Amino acid sequence: MKNKLPIRTMTSIAVLSAVAFALSFLEFPVPLSPSFARMDLSDFPALIGAFAFGPVAGILIELVKNLLGLISSATSGIGELANFLIGASFVATAGLIYRHHKTKNTALLGGIAGSFIMGVVAALANYFILLPLFEQFMPVDQLIASFGEFIPFIKTKLDIVLYNAFPFNLLKGLVITAFTMLVYKRIRPLLKGKD
């Protein structure tokens, strides 16, 4: 009787989840943003997993990464929920597209489409989840002003989403896609073995 999820696949997903969790601690400042807006490349292992094992694997990696993040959460899990929604939308979209025709061009198309979807989901998550969370610690006018220092035409919460959250996450997804395109073929045999 065949296992639904082979041991090698489960092991690879676990390793990729651990790498994603570790990468979540390597944060960088976001260009044209206040110091509290940080980014990481923890979606990279999840995209590798989505390409190697399918979109469900990518979502599982995002889930495990964020569950582990709850251990040291400064947002009572709200930040992790938003991060999961944003990352899962990216890897699920890319993985679904790649799964149907596994070529370099399809991987690139999947990554671009996933980056766009990630930007949209990030905009929604920022507007409805993250910005209201920040409002608990900082008045909304001060929050808007902190972004306005870098991008002067930001005057409302919607402006933050349209001119910062969406383009930044779109760019982040494209960077992760480009990096994945460079290394995926080398990493895939280590994850999947000979097939």
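Predicted model: local features only at pLDDT ≥ 70, side-chain atom pairs only at ≥ 80, totals over all residues.
The expected span of a helix is 1.5 Å times one less than its number of residues. Helix 3 covers residues 55-69, and its 15 residues reach 21 Å from the first C-alpha to the last, close to the expected 21 Å.

Which residues of helix 3 are buried? They are Pro55, Ala57, Gly58, Ile61, Glu62, Lys65, Asn66 and Gly69. These buried residues pack against three partners: helix 1 (7-23), helix 2 (43-53) and helix 4 (78-100).

Now for the chain as a whole. Its seven helices and two strands follow the order α-β-β-α-α-α-α-α-α along the sequence. The radius of gyration is 17 Å, close to the 16 Å that the globule rule gives for 195 residues, so the chain is as compact as a globular protein of that length. Some further values for the chain are set out here.

| Property of the chain | Value |
|---|---|
| Accessible surface | about 10,600 Å² |

Carbon and sulfur atoms account for 71% of that accessible surface. Among contacts between residues at least 6 apart in sequence, 66% join residues at least 24 apart.

The surface also holds a nonpolar patch with about 960 Å² of accessible area together, and its members include Phe116, Tyr127, Phe153 and Leu162. Helix 5 (104-134) and helix 7 (157-192) each supply at least two of the patch residues, with helix 5 giving the most, six. Leu162 is found in helix 7; at a relative accessible area of 44%, Leu162 is partly exposed.

Key. Residues numbered from 1 in each chain as written. Heavy atoms only, no water. Patch = residues over 30% accessible without salt bridge, like charges linked within 9 Å, V, L, I, M, F, W, Y side chains within 5 Å. Areas by Shrake-Rupley, 256 points an atom, 1.4 Å probe, with all protein chains shown as cover. Salt bridge = Lys/Arg side-chain N within 4 Å of Asp/Glu carboxyl O. Helix = DSSP H or I, 4+ residues; strand = E, 2+ residues; numbered from the N terminus. Buried < 20%, exposed > 50% of the residue type's maximum accessible area, 1.4 Å probe, protein only. Contact = heavy atoms within 4.5 Å. Rg over C-alpha atoms; globule rule 2.2 N^0.38 Å.
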